[in-house]
There are 4 protein chains.
Amino acid sequence: MSLTAPLRGVVPPVVTPLDADGEVDTASLARLVEHLVGGGVHGLFALGSTSEVVYLTDEQRATALSTVVEAAAGRVPVLAGVIDTTTARVGAHARTAAKLGADALVATAPFYTRTHPREVAAHFRQLRQDVDLPLFAYDIPVSVHTKLSAALVRELAEDGTLAGLKDSSGDEGGLRRLLVDLGGREGRASGPAPDFSVLTGSELTVDAALLAGVDGVVPGLGNVDPAGYVRLHDAARSGDWDAAAREQERLVALFAMVDAGPEAEMGRSSSALGAFKHALRLLGVIDGGATAFPQIPLSADSVDLVARCLRAAGLTPGR
Amino acid sequence: MSLTAPLRGVVPPVVTPLDADGEVDTASLARLVEHLVGGGVHGLFALGSTSEVVYLTDEQRATALSTVVEAAAGRVPVLAGVIDTTTARVGAHARTAAKLGADALVATAPFYTRTHPREVAAHFRQLRQDVDLPLFAYDIPVSVHTKLSAALVRELAEDGTLAGLKDSSGDEGGLRRLLVDLGGREGRASGPAPDFSVLTGSELTVDAALLAGVDGVVPGLGNVDPAGYVRLHDAARSGDWDAAAREQERLVALFAMVDAGPEAEMGRSSSALGAFKHALRLLGVIDGGATAFPQIPLSADSVDLVARCLRAAGLTPGR
Amino acid sequence: MSLTAPLRGVVPPVVTPLDADGEVDTASLARLVEHLVGGGVHGLFALGSTSEVVYLTDEQRATALSTVVEAAAGRVPVLAGVIDTTTARVGAHARTAAKLGADALVATAPFYTRTHPREVAAHFRQLRQDVDLPLFAYDIPVSVHTKLSAALVRELAEDGTLAGLKDSSGDEGGLRRLLVDLGGREGRASGPAPDFSVLTGSELTVDAALLAGVDGVVPGLGNVDPAGYVRLHDAARSGDWDAAAREQERLVALFAMVDAGPEAEMGRSSSALGAFKHALRLLGVIDGGATAFPQIPLSADSVDLVARCLRAAGLTPGR
Amino acid sequence: MSLTAPLRGVVPPVVTPLDADGEVDTASLARLVEHLVGGGVHGLFALGSTSEVVYLTDEQRATALSTVVEAAAGRVPVLAGVIDTTTARVGAHARTAAKLGADALVATAPFYTRTHPREVAAHFRQLRQDVDLPLFAYDIPVSVHTKLSAALVRELAEDGTLAGLKDSSGDEGGLRRLLVDLGGREGRASGPAPDFSVLTGSELTVDAALLAGVDGVVPGLGNVDPAGYVRLHDAARSGDWDAAAREQERLVALFAMVDAGPEAEMGRSSSALGAFKHALRLLGVIDGGATAFPQIPLSADSVDLVARCLRAAGLTPGR
């Protein structure tokens, strides 16, 4: 499905179910896509951070992306993360993603390196030139350890390099300034980059982000409760902000499942990813809750917390 | 004026006008208080970061606080910042502030030091015990370089140590989790800390923060346009979220005045504080735009930008 | 004692013994000064970070400094920390320190604020102009959260603003570049700032710093074993680098006492300061091991570790 | 050449010359290996950060490693960096490196992710189990954004997982504590991990690191002047610390070539890598000074600086 510009709506980053050998569980992944599309989402983001992309080999990345594209079957657009350290390596992923049928690409700035903003700009321009697909910049300082400046994003939006921004920086004030610079809630279409999509990676402030004028939301927790995020989104689009905020509050409470693994014993991302996967397993969507090595698995107590959060949010664990 | 619990509304951090010798310009400060109270604000926060508190000697702090208390004349409560490195020094400021008529105190965790959360908890408990005034925790990692955890804030809220939180952390997701833990938008009164006030220090996402359920907002830009923030607040309180967002967008555009000093030549806080002060000077509220030494003054070009931002936001510079 | 330029040798940051009420224990402090001077140190740094300066009220700072000056009785120069957030407040401490007989001042860049390097330069120049004492810049990013650049230090060394640098940045490579820029191990006297003193705050790499050409060392652990650091220094000055390294290794092992408080339960600085103080108590130098509120006291197990470290280093606990 | 334990001496990270198309210039790389081996180095580290490893595709990595292994021809051991985000991807590089003839592997902790120390330990243990080659941990927080704790390194040294540590953390104090824990300058052979090699990545404090007892040094600048680092090393090994320090000072001055690109216009690593490559070009060792895309090339002025630094250090540019 070709991407209409700008991309709008709920676009969850699709988790990658793994089997007992650590390989992509394609049957579970296909069921997850059905769960998401059935929940009403407007797009899918495969091979993102929540998809454990950086834990996957190139072959596993290809398997995961192909599975998502085939299962989506053109019903919603599929964005593909092309996450790697620098331009040449990202470009290789981008060419593969294009071949496998991705509708758009999502790339970060270089990481591991210390890269100047002018070099970051060259990086995105080269990627855009290499592969003829809409390109989203992925701003995720917790992983990349640099922040894309609003000035840089705007420059690359205006010159057509970028089709959009996935903002996982947590800098809501900076995001608001960018949105106003692009024309604001009502002036975007006549602004300097009318087709540019602004997406937030937040799970906890989606109502606020929609009030601020973002086009779409990419919530990891949307794997677990896509219908909840779609209700939140629809309430906001219809101007019923109180309903949106109530739904957001229910989802914030559900998000407490990520506290599952005590920080003293496992990494924060291991705990969040393990919680989402176990929730999907408990809901009967995927077969197992395993995360990629070397992430530590959730303990039984942590899985119990996940189950309690599901029930408290009105989601019935099926197994 | 005694503080009703919980504190709600618009509570600007009051800038401290300085004369040519770097001393507190009390006449200008009194006019600024009139400007703010006349704009409809619900409280005043003296001796905050925006007040350049850490640039002021103890005598200057006393002068500034006395002037604000006297000018406010009981019409709105006055919160006093008691900002210093550790408990004993903060306690001394707290006793002075109580004598000078402050209605509540605002304290950060210790800084310069490397202080453990259990030590931070002891710090706030000692301050609460030392001075019988409502105590707000001021979470401002950009200055203090540690973040107050939601668990710690909740513990100190539930046991009555803290009357509230001024959150300038920029972590909107974490703030939302805290608000939901405290009962959410509709359940706060029956939650674990019913009188606890949650205030955001953001200037750019006030509509979003109010949608999330904060009690009050402490915007530095509120010095320049208090009436704008009061309109934003009132629209939000009446449920007219679109009007709130439109007002927020106007204020976001106005905020561009802080870009005045190019980062290459002066500090970011110097540029923001200089912009607010020059805006107040241009609006005829205070006499001069000077910031405290060693902050570099705004250039003429920067002052021009401030004037353009004022005009674009519908505020007419008078001089 | 007036400061000969450049300052050279072992200059411990003097810990501040506290009594049961948290007040400065002047008798213990005077005995500590004897312990240090008796150990052969070449100077004393009062009111530094290791002195818990930011925990002390202005009165306590004055008491501590006076006690050190009087006990030193001109036998070695006394440097005084003038640690506070910004120029006006630091200047007040500087005037007091001058009155109380300090031989030199040690100041950081502004903190809590976000201050531009040009503003930092103005800060040091103003302090130098305000008080006629040699001024040392204290580069301690773990507390101040900015790093003084080598270019800025050199500028302020060459123009006579700074008499020296106390480098607690841990950036040994950067320090080496500065030393080479100033003329290197043999060319300092004919270099761009011949009287400029470079001091390292390290406890663990003093031999290496002396090999690199620093003039002096300011080791917190030097409170516990001044004679050890003097032996290390003398071995280095005489070119016996193997003896210096052996002594350094003994002191590195002694330093393990700072691991006393498990990080899970107290701040790192609380644990280091508590260990130094308990070591001095066990050695019979000071009366108590208390650190300033709100720092958590060492547990009995931690004190046992301190005692074991002392014995292993050949220092006999006397009580 | 099989690796004798522990690895000792000068082991430069070999830069990867690139041709006009951005491909590995194997002829230049082979000449560089001759330059290094001819300079007396004791080992070669291919595919490290200085080799621009994260800019290279898998094919380019293989080409570079094969070229180094063939050119070294068993005269010195070749360590191969296996730098990638997580275990599965690193493992794939490790298997390739083993096939291509590497004598040892150098791996970082996972990056991009937020990985717990227990997960990092599992990562290294899995890699050691997967490929039967000595494994070095590469501690480079500026790129990986976490620091390997001394406790973790010691645990993995004692249980035989790690053959050594390449420490590019800049934490010289922490490194000294580790060395003392392992037995110190004279007690390593009878310590808890007698065959464990400790290497420093520093270029500027090699004399100090050798005085502290490191086994080897991995200086990027060693590409330009291998003989200088070998002289430094030999002087230190023979106990002539003054000669070592003099040689170090010459190399510190030579290192100023990395200031070539003003930070305002290019990344720091671009400027350092570009300087090393242009120096090698000027010395007639490699054909071109290009760095990998998107790094900005050195300006003509910057290349002039490189030439001046070479001449000042007594190295004659040949072209």
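# Salt bridges, chain contacts and ring pairs

C:Arg176 and D:Asp207 form a salt bridge, with their closest N and O atoms 2.6 Å apart. A salt bridge here is a side-chain nitrogen of Lys or Arg within 4 Å of a carboxyl oxygen of Asp or Glu. The pair crosses between chains, running from helix H7 (residues 172-181) of chain C to helix H9 (residues 206-212) of chain D. Helices (H or I, at least four residues) and strands (E, at least two) are DSSP runs, numbered from the N terminus.

This is a predicted model, in which local features need pLDDT of at least 70, side-chain atom pairs count only at pLDDT 80 or more, and totals for chains, interfaces and linings use all residues. Residues are numbered from 1 along each chain as its sequence is written, chains are lettered from A and ligands numbered from 1 in the order in which they are written, and side-chain values use heavy atoms, with hydrogens and water left out.

**Salt bridges**

- Over all chains, the whole structure holds 80 salt bridges.
- C:Arg176 and D:Asp207 are both buried. Buried means under 20% relative accessible area, exposed means over 50%, and partly exposed lies in between (1.4 Å probe, protein chains only).
- B:Asp207 and A:Arg176 also meet through their side chains in a salt bridge (2.6 Å, N to O). B:Asp207 sits in helix H9 (residues 206-212) of chain B and A:Arg176 in helix H7 (residues 172-181) of chain A, so this pair joins two chains. Both B:Asp207 and A:Arg176 are buried.
- Within chain A, A:Arg188 forms a salt bridge with A:Asp215, with the closest N and O atoms 2.6 Å apart. A:Arg188 lies in the loop between helix H8 (184-187) and strand E7 (197-200), and A:Asp215 in the loop between helix H9 (206-212) and strand E8 (216-217), so the pair ties together parts 27 residues apart in sequence. A:Arg188 and A:Asp215 are buried.

**Chain A with chain D**

- The contact takes 46 residues from chain A and 46 residues from chain D. Contact means heavy atoms within 4.5 Å.
- Chain A and chain D bury about 3,600 Å² between them, and 57% of this is on carbon and sulfur atoms. Buried area is the accessible area (1.4 Å probe) that two parts lose on being put together, summed over both.
- On the side of chain A, the most area is lost by A:Arg89, A:Tyr112 and A:Arg114, together 25% of what that side buries.
- There are 4 salt bridges between chain A and chain D. A:Asp58 and D:Arg89 meet in a salt bridge (2.9 Å, N to O).
- H4(A) gives the most to the side of chain A that touches chain D, with 5 residues.

**Chain C with chain B**

- Here, 46 residues of chain C are in contact with 46 residues of chain B.
- About 3,600 Å² is buried between chain C and chain B, with 57% from carbon and sulfur atoms.
- In chain C, the residues C:Arg89, C:Tyr112 and C:Arg114 lose the most area to chain B, together 25% of what that side buries.
- Chain C and chain B share 4 salt bridges. C:Arg89 forms a salt bridge with B:Asp84, with the closest N and O atoms 3.4 Å apart.

- No contact joins chain A and chain C, and their closest C-alpha atoms lie 10 Å apart.
- Chain B and chain D do not touch either, with their nearest C-alpha atoms 10 Å apart.

**Aromatic rings**

- Rings of Phe, Tyr and Trp (its six-membered ring) pair if their centres lie within 6.5 Å; planes under 30 degrees apart count as stacked, over 60 as edge-to-face and the rest as tilted.
- The count is 10 aromatic pairs over all chains. One of them is B:Phe45 with B:Tyr138, which is edge-to-face at 5.8 Å centre to centre and 75° between the planes.
- B:Phe45 lies in strand E2 (residues 44-46) and B:Tyr138 in strand E5 (residues 135-139) of chain B, so the pair ties together parts 93 residues apart in sequence. B:Phe45 is buried at 2% relative accessible area, and B:Tyr138 is buried at 4%.
- A:Phe111, A:Tyr112, D:Phe111 and D:Tyr112 form one aromatic cluster.
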